[in-house]
Amino acid sequence: MRKKILRSVLSTGLACSVAFSLVACGGAATDTDSQSVSDPDEREKVSIALGRQTTANPKFPEGDNYEDNAYIRMAEEELNIDITDAFEAESGDDYNRQVSLALSAGEIPDMMKVASKDEVKELYENDLIMDLTKYYDEYASDYVKELYDSFEGRALENVTFDGMMMAIPATASDPGTSMCWIRQDWVDGLGLEVDGDGDRCLTVDEVREIAKAFMTANPENAENPVGMAFDISLTSQGSDGTNSINAIAYSVGAYPRHWYTDESGQLIYGSTTEQMKEALSIVRGLFEEGIVDEQLGTRTWDDITSLLTNGQTGVVFGSWHIADWLLNNVYTLNNNAVFTPYAVVNSEGKVNCTHSNSTGEFVVVSKKCKHPELAIMILNLFYDDMVNSDELLEKYPEVNDYLNTGVDGTARPFNIEVKSNTYLLDEYSKLKAALNGTGTKEEIPTVEEKSNYDAITAYNNGTGDVTGWCKIHSRTKGVDLLSYLTDKGLYNWVTPIYPETTNTMETNWANLQTLEEESFIKIVTGAVDIDEGFDTFVKDWKAQGGDTIASEITEQVTNN
Amino acid sequence: MIDNKSLGSRVRLSVIYLLVIILGLLCLMPLINIVAISFSGSAAVTANRVGLVPVDFTLMAYERILEDGQFWRSFAISVARVLIALIINLLLVIPMAYAMTRTKDEFRFRDIYMNLLIFAMLFNGGMIPTYIVVKNLHLLNTIWALILPGAVPIFSVILMMNFFRGLPAALEEAAYIDGASPLQVLLKVVVPCSKPSIATIALFSIVGSWNDFFGGLIYIQKVEKYPIMTYIQSLSINLQELVNGAANSSTLQNVSELSNRNLNAAKIVVAVMPLLMIYPFLQRYLIGGMVMGAVKE
């Protein structure tokens with residue numbers, strides 16, 4: 001699409017704008033051809049223009065902003081550069097629009113973040129971005145290379161085009177299973193028995209019984225108690241899907257919204273399988289029993305949050321981190337609330353889960369950038385030195401303050417995360433050790449986890465602070481469950497295929513998604529017969545482009 | 001028969017009134033809801049318990065707005081934008097509309113200009129070409145990027161033209177006989193007679209530039225230079241999209257702190273205030289001005 005925009009711009013006689021743009025990239029860095037000296041102290045100060053993602057709540061101290069804050073000042077000082085923002089916009093549509101505008105004006109900033117691999121590919125095909133292979137090899141620190149290598153090559157593979165590394169990928173480690181969070185204080189109050197065998201896993205039937213018991217007992221005397229609630233899109237692509245039926249679907253071996261190959265090597269779209277039909281029939285059963293209420297087809301996340309805070313429901317599915325930003329609302333309203341997360345298992349007592357795509361977003365470097373090695377040096381500074389070097393934080397106490405007060409990560413030059421595939425569990429093991437006395441706070445590697453330690457100890461000392469409550473739930477319950485599942489070998493991993501957007505996907509995918517969501521809601525709410533409804537959906541889905549897309553993806557996979 | 005008829009018309013009238021009242025309420029209730037939310041405790045808001053009356057009345061949200069530097073910066077930018085845009089609009093629209101109402105003898109290229117105007121009203125370059133023009137004029141990130149692309153609202157020009165045409169020709173003739181120059185005629189005779197329609201186009205200009213958020217999203221690339229409506233737009237967060245994107249848990253936490261809806265509601269209320277205060281004063285001109293322009297002699 002963008003390629004087309006560019007072409008039409010050129011053809012409408014506005015080519016002059018492109019000529020103009022030659023001047024702008026790099027700003028002051030006009031005469032540095034001869035001085036590709038990489039040691040920051042030996043060359044003149046260079047200007048770097050960035051495309052920056054922002055967030056609505058960056059929490060800057062008064063006076064700081066995106067272009068001038070502690071992180072930027074540190075990078076400017078350490079690398080002898082001058083960072084300016086070519087554009088800033090909020091992540092999502094607003095940012096993507098700015099990227100498109102920059103592209104259509106024929107000018108991209110020296111470095112910018114892009115949200116998808118498709119964009120990297122387009123930029124590559126339009127010859128607008130720099131091959132980073134040699135800079136990565138030469139400049140990336142061993143630690144940074146280790147981080148990427150922890151994905152067994154998948155991370156860098158995703159940014160390699162014709163053997164060239166065209167972008168710096170953000171890592172996306174496995175978020176784990178979608179947990180079933182249950183109100184523990186209700187369970188205790190009603191004298192119910194959950195998880196009698198203490199293996200921290202429940203079957204779908206057990207979850208159903210608890211939801212039913214909560215509904216009948218209605219511990220907080222709410223109007224309209226609801227057993228459990230799902231949002232209108234039902235399934236989610238992330239394995240840890242919040243407010244979704246993912247946990248139920250995975251437990252019967254259905255992987256909605258995922259592409260993967262079966263034993264015979266046949267490519268499968270998870271939402272069209274027999275297992276998916278089974279998953280939908282389970283949810284339909286819940287709906288018929290009244291455990292899932294009539295409003296299923298209109299539920300938003302805000303509604304579900306209010307069901308929880310009002311005490312109408314005590315069972316919710318979600319990621320390990322929902323305690324930090326969703327369940328916190330429950331605690332604010334009701335200080336007695338306590339949740340316990342459980343994994344939902346398949347018939348063999350294992351937890352089915354899908355691997356993540358290992359990379360999410362990307363930073364690209366303009367072909368016109370005079371100092372591409374700086375991208376790698378910024379990478380080293382923020383994802384190696386800042387994590388591992390205490391001296392750096394001592395030299396820049398204001399950066400340390402940022403970390404402690406939770407100034408948002410968008411303040412950094414690159415709004416990406418580069419962490420090892422197992423960082424979540426690794427960091428947690430240190431936190432756990434410090435909490436139960438076998439380790440110390442100093443051994444906890446990251447500032448974030450250290451502040452979690454402080455929040456948890458403060459809460460345990462009786463402050464009752466909401467942050468402490470959140471961290472206890474997200475870390476010592478949520479992440480703890482993930483690490484338990486890993487340690488006990490309870491996971492049954494599936495490695496899906498994450499295809500690039502194919503031609504037919506570009507034109508038909510949005511419609512197919514709508515078809516899927518609408519069909520599933522109809523099936524679950526009993527508006528159509530389950531067998532007939534599901535078969536019609538599969539038939540329509542295939543006819544409306546699904547089959548073509550499948551063959552395009554097969555081709556894509558065999559070509560790579 | 002007569003009774004029947006009057007009964008029928010009375011029923012008809014009450015049905016119409018009922019419909020109008022329902023429509024009015026439909027427009028009013030979301031506003032009242034926002035106001036109620038802004039005065040409610042955040043817990044009650046999260047629990048969806050606020051309807052038309054505040055629950056757990058508190059001024060917390062408004063106190064927090066007072067401390068929000070970016071809100072007031074954006075507010076000031078919007079005020080400046082409205083004032084400058086208003087002056088520029090009036091300066092350009094009034095003389096233009098006046099010239100366009102001259103006879104063809106007085107203004108030989110009148111029809112060509114008129115066609116140009118109509119053409120520009122119906123067709124425009126679209127978002128990207130306009131962006132490139134603004135960019136190459138080095139207007140990005142300045143208040144002028146928000147003002148100059150809309151400096152001559154053609155709809156307002158046509159409205160003024162229609163109004164000027166309705167003025168009695170004798171007025172101007174009398175002024176000319178007294179020896180006034182065309183400029184004097186415009187400033188001393190025509191403009192003072194046109195207050196209602198000038199108020200109308202002024203109102204269009206004010207409302208338009210105060211409420212516009214999209215211009216800010218396109219042309220302003222520094223968050224701290226956002227006008228107020230763009231800033232408020234950036235506060236409406238879709239948590240679900242964020243979670244499904246690659247946002248990390250600390251970003252989610254920061255965002256969920258902010259997605260406390262009563263604070264955002266309070267910001268909306270404060271941002272709408274200036275227009276609510278101006279409207280009653282200009283509204284009588286608005287209705288009068290529209291109609292007056294429409295009737296020609």
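Predicted model: local features only at pLDDT ≥ 70, side-chain atom pairs only at ≥ 80, totals over all residues.
Two residues are in contact here if their C-beta atoms, placed from the backbone, lie within 7 Å.

**Chain B as a whole**

Among the contacts of chain B between residues at least 6 apart in sequence, 70% join residues at least 24 apart. In secondary structure, chain B has 16 helices and 0 strands. Buried residues account for 29% of its 297 residues. How does the radius of gyration of chain B stand against that of a compact globule of 297 residues? Such a globule would come out near 19 Å, but chain B has 25 Å. Along its principal axes, the C-alpha trace of chain B spans about 75 × 75 × 35 Å.

**A look at A44(B)**

For a local view, take A44(B), which sits in helix α2 of chain B. Is this residue buried or exposed? A44(B) counts as buried because it has 20 C-beta neighbours inside 10 Å. Leaving aside neighbours within four places in sequence, A44(B) touches R49(B), V50(B), V55(B) and D56(B).

**Where chain B meets chain A**

The contact between the chains draws 38 residues from chain B and 49 residues from chain A. On the chain B side, the elements that give two or more residues are listed below.

| Element of chain B | Residues |
|---|---|
| α2(B) | 42-46 |
| α6(B) | 127-136 |
| α12(B) | 214-219 |
| α13(B) | 228-235 |
| α14(B) | 239-244 |
| α15(B) | 249-258 |

The largest share of this side, 10 residues, comes from α15(B).

**A sheet in chain A**

Strands of a sheet pair through backbone hydrogen bonds, either parallel or antiparallel. In chain A, 5 strands form an open sheet in the order β2-β1-β3-β14-β6, with mixed pairing. Which strands lie at its edges? They are β2 (81-90) and β6 (168-172) of chain A, each pairing on one side only. From one strand to the next, the twist averages 25 degrees.

Within this sheet, β1 (residues 46-54) and β3 (residues 111-114) of chain A pair in the parallel sense over 2 bridges. Opposite M112(A) in β3(A) stands G51(A).

Definitions and conventions. Residues numbered from 1 in each chain as written. Chains lettered and ligands numbered in written order. Pairing = 2+ DSSP bridges. Helix = DSSP H or I, 4+ residues; strand = E, 2+ residues; numbered from the N terminus. Axes fitted to C-alpha atoms, helices over the stretch in contact; angles between N-to-C directions. Buried ≥ 20, exposed ≤ 12 C-beta atoms within 10 Å, placed from the backbone. Rg over C-alpha atoms; globule rule 2.2 N^0.38 Å.
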